[in-house]
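Please read it alongside the sequence and the structure.

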Amino acid sequence: MRIHCPSRNDTAGLRRLWKQSFPDDDPFWDRFFSIAYSPSRCLCVSEGEQILAALYWFDASCCGKPLAYLYAVATDPTRRKQGLCRRLMAETKQRLQQAGIAGLLLVPENQALAHMYENMGFSCCTAIHEFSCTAGTVPVPVRKIGLPEYEALRRRFLPPNGVLQEGETLALLASELDFYTGSDFLAAAAIDEGGLRCVELLGSAASAPGLLRALGCGSGSFRTPGAGHPFAYYCPLSSACPRPAYFGLALDSY
């Protein structure tokens, strides 16, 4: 049994493990693999030619210090509760610390996983506010924007000590979401049969009803910075980085 960065021959095993562990369809995996995957940002546990566990990460930063957002941590269902995830996480921490990463972030899927990560040195560091509303009577001025402008504006709208997420994270989001801005807000959202699904609204939350009216949506759900719902968990690898105060673009839950 060994822990290593995957090779090209491991792609089929990674796909198999992903499909066993997550509800994503093949088109999402294909987008992830073509847009956001890098073998240098993935570690897996293998036995012979079989991939037993894996995780991926995205580059991020807070206050100028490099962080890693861990994503899609998975263990083969037949090999769970055998310590594979713990070994994989310990190796990941060691490698990323040696590479100069100041801390790790992740978003547990449920409370049981949150407790598991707490036992590995993580603790909840940020919360979010989630709400739903109907369209207002007056639309707000809104403009649909491309990825480069969204990336630049997000730096301006991000709360103090917020986690900066760019590069592959935003590229993957752009494959499924649209970006909108107005005088006092920035939104990453998708319009579907249920209305508007806004995975991050920065700036004025009061713009939500007017944004719905402007986009022709009767209702929508929104996620903003704030208290309420525990969200991201953090494990410091260095004392040089302040504890993040906001983390918003969780690929696990958009």
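1. Helix 7 (residues 208-215) packs through its buried residues against strand 7 (127-134), strand 11 (185-192), strand 12 (195-203) and strand 13 (219-225). These buried residues (under 20% relative accessible area, 1.4 Å probe, protein chains only) are Ala 208, Gly 210, Leu 211 and Leu 212. Helices (H or I, at least four residues) and strands (E, at least two) are DSSP runs, numbered from the N terminus. Just after helix 7, Gly 216 adopts a positive phi of about 75°.

2. The model is predicted: local features need pLDDT of at least 70, side-chain atom pairs count only at pLDDT 80 or more, and totals for chains, interfaces and linings use all residues. Residues are numbered from 1 along each chain as its sequence is written, and side-chain values use heavy atoms, leaving out hydrogens and water.

3. Leaving aside neighbours within four places in sequence, Tyr 56 is in contact (heavy atoms within 4.5 Å) with residues including Leu 14, Trp 18, Trp 29 and Phe 32.

4. In helix 1, Thr 11, Leu 14, Arg 15, Trp 18 and Lys 19 meet Asp 26, Phe 28, Trp 29, Asp 30, Phe 32 and Phe 33 of helix 2.

Technical notes. Buried < 20%, exposed > 50% of the residue type's maximum accessible area, 1.4 Å probe, protein only.
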